[in-house]
There are 2 protein chains.
Amino acid sequence: MEAEFVRWLRERIAPSPLVFPGIGDDAAIVTTPRGHCVVSSDMLMDGVDFHLLECGPWAAGRKSLAVNLSDLAAMAARPLAALVSLALPRDGGAAIGRGLYEGLLELADHFGVAIAGGDTNSWSGPLVISVTVLGEQTGQGPLLRSGGRVGDDILLTGAVGGSLLGRHLSFRPRVQEAILLNDRYALHAGIDISDGLSLDLARLAEESQCGAEIDLEQIPVSEDARRLATADGRSALDHALADGEDFELLLAVAPETAARILADQPLDVPVSRIGRLVAERGLWQSSAQAGRAPLSPAGYEHQFQ
Amino acid sequence: MEAEFVRWLRERIAPSPLVFPGIGDDAAIVTTPRGHCVVSSDMLMDGVDFHLLECGPWAAGRKSLAVNLSDLAAMAARPLAALVSLALPRDGGAAIGRGLYEGLLELADHFGVAIAGGDTNSWSGPLVISVTVLGEQTGQGPLLRSGGRVGDDILLTGAVGGSLLGRHLSFRPRVQEAILLNDRYALHAGIDISDGLSLDLARLAEESQCGAEIDLEQIPVSEDARRLATADGRSALDHALADGEDFELLLAVAPETAARILADQPLDVPVSRIGRLVAERGLWQSSAQAGRAPLSPAGYEHQFQ
């Protein structure tokens, strides 16, 4: 189990004064004698994070950078550079490599991200893309998962669910949105939705040592979630809560700050209030109809034993 | 072909004022508004860089960090932190993950490297380990491949060839050696031998816009190379020139500096003079017996088409 492995890792790896906040957040701040930078790594594999035969190398390459930029956005960091390591299939590897770099570089150019290096390999296995991004802190410092406080409102950018219909490849990481919000408002905590709204919110709450309550009626359910629900019989709300790969921002902010953000609506994408952090640990759902009840965090977790 | 792909990449990727010297060196210096850091990434795959069933996860994990530290050593950078991304086989992934982290962390602890994060995944494919290291410049600044000058002597740490007999897993990256040399002497250029002495020397010479001549009799041929030669019928010298994964340092320095280093022998490992940079492009071999002749760079290159 992934969660168990990460727990083991956190116990095994001694905290370092050079690294803040340590492993388990979306990114880390590394302090060097001559400065600091914010870093994050994500690895994408054919058959897991994309299906190369279906989406092609351009979309796979673009996604491999986009998910990393989303991790920096979760910390409200400004991306500066990226390293790209590839395991290319021996057959067709050159064309796949060029195609994926074209997709990756279009996004890199858009966000002013320089390619600082990497490693190009070939093998008999499927395509693997590992990207590391480097960035700098912005505004009022890095946004952590652990900064949430009981009573904070939970805000969400955009709409969620059904990303599998295409948005998981084409999404725009919320880099500018996070920087703008972190510059103008006092944000307490943040995370990007990579594995599922309910799962990632549970992680933010756990790191902030509190619980979280979601107002089910307030969740902005995407059109994709509704389409997928029609096709597979699960509810659109289920898709919104558990699908993942929305790469929207979940933020914890004081209620008065939340009210200002909601009134200002300072982004191109809508910001919604979907719940609050509560003293009672765990994840909770509430609705006018059914009242308050526990909610099981659901989403994507890597399975291994 | 790997070399062709890297050429394509260098043409496609515009130079950035934030990144020096750009892709193609062992590591890069990324300048942020608040400082700078030296970064490098290397990806290792089961069946290519190690054979998991033979070496086990501990050795694979150790090697995945060691090769990255060697890249920083090639720049005479001091390592500070690492990010570790894994594609674990679904079956046995937890034990493999723990084992490889134990190997990796022993080396990290030895060199004072903090783990700053990463990404743990599982899939149905073979083990892939991607590591990114961050470091800081030392001494008289970063050692580049491009700093060599015609007339420079070429120095080599240790002995080379036959690393496949075990040294490719157990080698100690020349981190302290590079920092000490860069601190005490004026080094012009450097590279670590990852793919083969002749191939990596040809790369250094090409980046330095000159040629290189190797004195065949001066190459410190390892015991491993001799043992492998006995077994496979190729000469020990061939193994020394082309085997790769020695992870020794190749340095270009002015002859007077070389003389001082050779006289001082300031490292725990011997330093040898094996040749010089020459005006005529390409790679050359010379020996008392056969005189001077072209030498084809040989070593490991990833094959894909």
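Author: **Salt bridges and their surroundings**

A:Arg276 and A:Glu213 are joined through their side chains by a salt bridge, with 3.0 Å from N to O; the term denotes a side-chain nitrogen of Lys or Arg within 4 Å of a carboxyl oxygen of Asp or Glu. A:Arg276 belongs to strand 11 (residues 271–278) of chain A and A:Glu213 to strand 9 (residues 211–215) of chain A, so the pair ties together parts that are 63 residues apart in sequence. Here helices (H or I, at least four residues) and strands (E, at least two) are DSSP runs, numbered from the N terminus.

This is a predicted model, in which local features need pLDDT of at least 70 and side-chain atom pairs count only at pLDDT 80 or more, whereas totals for chains, interfaces and linings use all residues. Residues are numbered from 1 along each chain as its sequence is written, chains are lettered from A and ligands numbered from 1 in the order in which they are written, and side-chain values use heavy atoms, with hydrogens and water left out.

The two partners may be described by their accessibility, for which buried means under 20% relative accessible area, exposed over 50%, and partly exposed in between (1.4 Å probe, protein chains only). A:Glu213 is buried, at 11%, while A:Arg276 is partly exposed, at 27%.

A:Arg276 also touches A:Asp153, contact being defined as heavy atoms within 4.5 Å. A:Asp153 is part of strand 7 (residues 153–157) of chain A and is buried, with 7% relative accessible area. Its side chain makes a polar contact of 2.9 Å with that of A:Arg273. A polar contact is a pair of N or O atoms within 3.5 Å; within protein, one must be able to donate a hydrogen and the other to accept it, and residues adjacent in sequence count only if both atoms are side-chain atoms. Leaving aside residues up to four places away in sequence, the residues that A:Asp153 touches include A:Leu251, A:Val253, A:Pro255 and A:Gly275.

A pair within a single helix is found in the other chain. B:Glu223 and B:Arg226 form a salt bridge whose closest N and O atoms are 3.7 Å apart. Both residues lie in helix 7 (residues 223–232) of chain B, three residues apart, about one turn of the helix. B:Glu223 is exposed, at 55%, and B:Arg226 is partly exposed, at 41%.

Over all chains the structure holds 38 salt bridges. The pair A:Glu4 and B:Arg98 has its closest N and O atoms 3.9 Å apart. A:Glu4 lies in helix 1 of chain A and B:Arg98 in helix 3 (residues 93–110) of chain B, so this pair joins two chains. Both partners are partly exposed: A:Glu4 has a relative accessibility of 43%, and B:Arg98 one of 29%. A salt bridge also links the side chains of B:Glu4 and A:Arg98, with 3.9 Å from N to O. Between chain A and chain B the count is four salt bridges, and six residue pairs (both at pLDDT 80 or more) are in polar contact across the interface.

The side of chain A that touches chain B draws at least two residues from each of several elements, among them helix 1 (2–12), strand 3 (35–45) and helix 3 (93–110). Strand 5 of chain A gives the most to that side, with ten residues. By class, the side has 33 nonpolar, 21 polar and 13 charged residues.

In total, 67 residues of chain A are in contact with 67 residues of chain B. The two chains bury about 6,000 Å² between them, 66% of it on carbon and sulfur atoms; buried area is the accessible area (1.4 Å probe) that two parts lose on being put together, summed over both.

The same surface serves both copies, as 100% of the contact residues of chain A recur in chain B.

Technical notes
Ala, Val, Leu, Ile, Met, Phe, Trp, Tyr, Cys and Pro count as nonpolar, Asp, Glu, Lys and Arg as charged, and the others, Gly among them, as polar.
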